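Dear colleague,

I am passing on the structure below, together with some notes on what was found in it. Please read them alongside the coordinates.

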Amino acid sequence: MKRILLIIGTPVLLFMACSSSDAHADGKGRQPMDQGAKLFTMHCTLCHGKDGRLGLNGAKDLSRSLLSAEEMLAIVTNGKGVMMPYKNALSKAELDAVVAHVRTLRTSE
Ligand code: HEC
């Protein structure tokens, strides 16, 4: 949990880490992602697919999304178009974790 909060606290850093290096590739720092990955599989793959690229029901290709972590969080929290809001389905920590996972889907990986 602590680590999740840490990551949320530094979305810019995370953004940079994701786009410029494979900092996630080592076993460390996997904790929040694992939860995020689980949540993503449960709630998001239906439309976005496991790698974020399915694009069902007009869903955006998440591996190519240019949104910041905050913008993603806002969309996941409040929904957009066909995509429903998740603010009632997921806790704040879960929302953060799932967005952190979405960040890892970007094609730099
Ligand atoms: C019912 C299908 C559906 C599900 C389930 C779904 N989404 Fe989406 N998602 C969409 C659609 C459709 C859009 C495009 C909305 C628009 O721009 O009008 C979208 C857009 C997004 C975006 C914005 C991407 C961009 O670049 O604009 C993010 C981030 C996102 N979804 C994350 C998630 C996450 C995380 C989950 C699971 C908690 C999820 N979605 C579940 C359909 C879905």
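**Helix, pocket and ligand**

Helix α6 is mostly covered, with 11 of its 13 residues buried (buried meaning under 20% relative accessible area with a 1.4 Å probe, protein chains only; helices being DSSP runs of H or I of at least four residues, numbered from the N terminus). The model is a predicted one, in which local features need pLDDT of at least 70 and side-chain atom pairs pLDDT 80 or more, while totals for chains, interfaces and linings use all residues. Residues are numbered from 1 along each chain as its sequence is written, and side-chain values use heavy atoms, without hydrogens and water.

Among the buried residues of α6 are Leu95, Asp96, His101 and Arg103. The 13 residues of this helix (92-104) should span 18 Å at 1.5 Å a residue, and the distance of 19 Å between its end C-alpha atoms agrees (the expected span is 1.5 Å times one less than the number of residues).

In the lining of the largest pocket, which comprises 26 residues, His48, Ala59, Lys60, Ile75 and Met83 lie nearest the centre. At least two lining residues come from each of α3 (31-43), α4 (45-48), α5 (69-78) and α6.

Around the ligand there are 19 residues, of which Cys44, Cys47, His48, Ser65 and Met83 come nearest (each with a heavy atom within 4 Å of the ligand).

With best regards

Conventions. Buried means under 20% relative accessible area, exposed over 50%, partly exposed in between (1.4 Å probe, protein chains only). On a 1 Å grid over the protein atoms alone, a cavity is a set of points where a 1.4 Å probe fits but cannot get out, and a pocket is an open set with protein on both sides within 12 Å along at least five of seven lines; lining residues have an atom within 4 Å of a point.
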